[in-house]
Every structure is written in structure tokens, then in C-alpha cells.
Amino acid sequence: MKPAQRLPLSVFLVLTVTLSVNGGNILVWYTEGSHWINLKPVLDTLIDRGHHVTVLVPSSSMFINTSESSRFRYEPFNVSISKKEMEKIMHDVLQFLIYDMDHMNYWEIFLKFLETTKVNLECSLKLLDGVVKSETMMKRLREGNYDLLLSDPIYSGSELLAEMLDLPLVFSLRFSLANNWERHCGQIPAPPSFVPIAMSRMTDKMNFFERVLNFYLYALQDIVIENTFWKDLDAYYSEVKGTPTSACKMMSNVDIWLMRTYWDFDFPRPFLPNFKFVGGIHCRPAKPLPEDMEEFAQSSGDAGIVVFTLGSMIKNITKEKSNMIASALAQIPQKVLWRYSGEKPDTLGANTRLFDWMPQNDLLGHPKTRAFITHGGTNGIYEAIYHGVPMVGIPMFGDQPENLVHMMAKGVATTVDFTTMTTEGLRDAINDVINNKSYKENAMRLSKIHHDRPLSARDEAVFWIEFTMRNKGAKHLRVHSHDLTWYQYHSLDVLAFLLTIILLLAALFTKTCCFCLRRCCGRKGPTKKTKKMKKKAE
């Protein structure tokens with residue numbers, strides 16, 4: 001072999017050995033939908049860095065096809081719930097959130113919410129059965145010699161599995177219901193005076209009555225979740241472990257919480273050393289568009305294009321609604337790319353094209369994109385922030401109204417209501433976002449904030465995952481408040497002690513004063529009455 005050929009080969013061998021030595025063995029908890037879309041780029045990066053990634057996948061998974069070729073190793077497991085049942089649960093949830101809520105009063109919504117929470121938890125536990133209650137599965141996982149468990153905790157159970165396998169655990173999540181997991185289990189501070197509860201649609205600038213409402217909602221939802229979600233999960237964990245177990249206490253052992261927001265999206269708030277804000281981990285520079293889309297975009301001239309999607313979960317809407325939307329889109333000068341797989345609207349304009357699928361990130365990064373009409377999913381919003389595109393929001397369900405409140409507060413979006421919007425209302429909202437320069441200026445400002453950070457969101461997420469593996473956990477970042485009782489955390493015992501001391505000193509001071517007064521005033525001279533009585537006696 002020639003000397004010139006030896007050097008590249010030597011470098012290759014060194015890199016191969018280095019990767020094999022430093023590469024970790026990572027087990028990934030199953031997740032679905034947009035949560036999987038968000039997690040997948042992190043897994044790709046981990047693989048690029050020489051790590052081995054194994055993804056747990058239930059037999060009823062709606063989004064992950066284990067028969068497809070992949071860079072990951074899939075670890076399938078059987079569950080008692082079918083894919084059809086999973087799809088029905090999802091359909092019922094969407095039906096409630098998108099259509100039924102508008103015809104319910106608050107009490108009916110509250111009861112339906114409790115029912116939905118219970119059904120979702122039951123589904124999670126059936127999936128969990130296929131792992132922790134399967135001796136064959138647990139044997140395979142123990143023999144896997146994993147270094148870390150990575151989880152999006154939308155489906156419960158990863159903290160139980162991490163303890164059973166004695167693995168460090170890293171969470172990746174947007175937020176939990178009412179921020180309950182982060183506040184109570186993760187111990188992140190959340191003063192209700194300026195940290196709005198999740199799904200409240202309030203900002204950090206609350207007036208007095210909003211602060212009263214925020215305080216009330218924190219208390220109410222904590223009580224509800226404690227007596228529904230945590231109660232049932234505690235019972236399940238206790239059954240599996242054979243001893244009384246608190247699921248929240250177990251969750252408090254999570255080493256790193258990767259929160260999928262950042263200060264371009266979120267309102268400033270206090271956080272802890274083991275909470276890392278990594279919003280936009282799936283974002284990337286735009287790639288060239290498919291030829292037909294590029295040709296359509298270029299045909300728009302100076303007017304540009306508008307990108308429109310209601311997300312992967314909404315595949316169809318009523319014909320009346322689709323005609324109304326198509327009519328509004330036909331009245332704007334821009335060309336529109338609309339992701340829609342339903343029946344073609346009768347009012348579809350020549351400026352609008354329908355697509356079953358679109359490269360959303362690449363379209364938002366295209367120089368001719370003027371606005372993004374979105375349902376308000378976190379992934380889409382972050383791609384718009386990344387590329388500096390203003391938004392027209394049509395929130396549908398879940399965290400989407402909350403997300404768009406954040407964007408409106410930042411001055412980069414306006415919203416229309418899906419159930420009450422009109423052709424004119426939607427048209428005017430699109431024109432306002434495109435023609436009012438403040439929306440674009442604010443979008444570019446947020447984009448600059450997003451990019452102006454020491455590491456990209458994805459690199460930071462990967463760094464903390466590798467950090468946790470290198471150090472066999474990150475318990476040194478765990479605050480001592482996890483080990484305090486609620487009254488110790490709020491220093492109520494200290495206040496009670498100080499109050500007792502103050503009361504004792506006050507009582508001692510009062511007694512001393514009374515004693516001194518008696519001593520000083522007790523020896524008085526004879527009064528006139530005493531003198532008269534003495535004279536009579538003589």
C-alpha cells in the first residue's frame with residue numbers, strides 16, 4: 001500500500017475505534033405523532049455520533065412501521081390493545097376537542113375532560129403491560145446493556161422501566177397537563193403571579209382577576225389530577241413493584257428534563273439546573289423543493305406564496321368549511337400550497353394547489369414564502385420561527401390555542417376561530433399578516449433570538465443526553481427540594497418557629513412590664529381615707 005493511501009485509512013480506523021469506544025447504547029421509550037417527529041432528529045444525530053439507538057414500539061403503533069428500513073433498531077412488543085382501538089381513541093379525542101366542546105357548558109367539558117384523561121391513561125397502561133409485565137421482554141431489555149433511557153412521557157411508564165433497569169432517564173417534552181409533572185415531580189418553580197398555567201391562554205402579564213383565576217386553576221387542576229391520573233398510576237406502579245409507590249416521586253428521579261421550548265417562544269420564568277430548554281430541535285435549513293412545487297412557487301412572482309396546513313392529525317374537514325376556506329384563499333394575490341387530502345372544494349381558486357403531503361420546513365424556508373396558515377402545533381410554529389415567517393393561526397385542539405397566544409403576544413401571529421370564521425375574516429387575517437410589516441419584523445426578531453445561542457437546540461439536547469451517559473446520571477443537578485416536605489419547601493415550619501419565638505418574647509416582655517409596674521407602684525404612702533380611719537381609732 002502506498003504511503004499516500006495509508007493516511008486516510010489510518011484516520012478512518014482511528015475514527016471507527018473512537019466511535020465504537022465512546023458510543024453509548026440508548027433505549028428509547030415509544031411515542032407517537034408529532035412527538036415522534038420531534039424526537040427522531042435527535043436520534044439521527046445520536047447515531048451520527050456513534051451511539052446505538054433502540055426504539056421500543058408497541059404492536060398497535062399508529063405511526064411507526066417496524067418493517068421499514070431504518071437507522072434505528074426497533075424493539076417491538078405485543079400489547080392487548082389493537083391499532084384500531086388506538087385510532088378510535090384518537091378519533092374520539094379529536095371529535096371532542098374540535099367539534100363537541102363548542103356545544104358543551106363548562107361542567108360538561110370538565111366531566112368529558114376527566115373521562116378522556118382516564119381513557120388515555122388506561123391506554124397507556126395497556127401499552128405498559130406489554131413491557132414491564134412481560135418476562136420475555138424484560139429479560140431482553142436487561143440483556144441489552146443499555147446506558148440510558150430517553151423518553152417523551154406522553155405515554156406513562158418510562159420512569160418505572162428506568163428504575164427496573166437501573167438506567168439514567170432523560171425526558172423530552174413540551175409540557176405536562178397543568179404543568180403538574182414539572183412543578184410537583186421536577187420541582188421547577190412556577191409562581192402563579194406570572195407563570196400562567198398550561199392551556200389557560202394567558203400570558204405572563206396578568207391583571208388582578210387573571211392572577212386570581214390562575215391561582216384557582218393551579219389548585220383545581222392539581223386536585224383533579226391527584227385524584228385521577230396520579231391515583232391510578234400509583235396503584236399500577238405499586239402493583240408492579242409490590243410495595244406502595246408514588247409515581248410522582250419516581251418521576252422526580254429524572255436526570256435531565258429537555259423542555260421543547262425556548263425564550264423565543266416561552267415567557268421568561270425561573271428554572272433549575274436539570275431543566276434545559278431546547279425548543280426547535282427538529283428545525284433545519286431548507287432543502288430544495290420538489291420540481292413541481294418549485295415551479296408553482298416561482299410562478300407567484302413578487303406576490304409570493306402562502307403555506308397552509310392543519311397538521312397530520314386533521315386529514316379532512318366538512319365540505320362547507322373547505323369551500324369557505326378555499327373561497328378565502330382564492331381572494332388573495334399569493335399562490336397557496338394547501339396540505340389537504342379531503343374532497344376537492346368547489347370554490348378552489350386557480351391560485352391554490354392541494355397536496356397530500358408537503359415538505360413544510362423547506363417551504364417555510366423558501367424565499368418566496370410570505371405567511372404560514374397553521375393549526376398552531378409546536379413543531380410547525382418552531383419551523384416558522386426558525387425561518388422568520390409570520391403566521392395566521394387556526395387553532396384546533398390541545399396546546400394549539402395556547403401556542404398561538406404566545407405567538408400573538410410576541411407580535412408574529414393573528415388568529416381566527418375555526419368554528420366561527422368566515423371567508424372575509426380569513427381573507428382579511430391573511431392580508432393583514434402579509435401587508436402589515438410589523439408581523440414580518442417581529443418574526444425576524446424571534447428568528448434571530450432563536451439562532452443566537454451557544455449551541456443549536458439539537459446539539460444542546462444531544463450534549464445533555466451524552467452528559468448523562470458519561471456521568472452515569474445527573475443527580476448532582478437535582479435540587480434538594482425533592483427531599484423536603486411541602487411545609488418545609490414553603491418554610492412554613494421556619495415561619496411557625498419564628499412566630500413562636502416572637503410570641504414568647506412578646507409574652508415575656510409583657511410579663512416583665514407588669515411585674516415592674518407592680519413592684520414600682522405597690523408601696524404607696526397612706527391615703528386620706530387611711531388617715532381618717534386611723535384618727536377615729538385613736
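A residue is called buried under 20% relative accessible area, exposed over 50% and partly exposed in between, with a 1.4 Å probe and protein chains only. The model is predicted, so that local features need pLDDT of at least 70 and side-chain atom pairs count only at pLDDT 80 or more, whereas totals for chains, interfaces and linings use all residues. Residues are numbered from 1 along each chain as its sequence is written, and side-chain values use heavy atoms, with hydrogens and water left out.

Serine 252, in the loop between α9 (247–251) and β6, is buried because its relative accessible area is 4%. Contact means heavy atoms within 4.5 Å; leaving aside neighbours within four places in sequence, serine 252 is in contact with Cys185, Arg478 and His482.

Helices (H or I, at least four residues) and strands (E, at least two) are DSSP runs numbered from the N terminus, and two strands pair if DSSP finds at least two bridges between them. Seven strands form an open sheet in the order β3-β2-β1-β4-β5-β6-β7, with parallel pairing. Its edge strands, each pairing on one side only, are β3 (73–77) and β7 (275–277). Strand β6 (residues 256–259) pairs with β7 in the parallel sense over three bridges, and leucine 258 stands opposite lysine 276 in β7.

For angles, which run from 0 to 180 degrees between N-to-C directions, axes are lines fitted to C-alpha atoms, for helices over the stretch in contact. Helix α5 (residues 135–143) lies across β1 (25–28), β2 (52–58) and β3, running at about 155° to β3.
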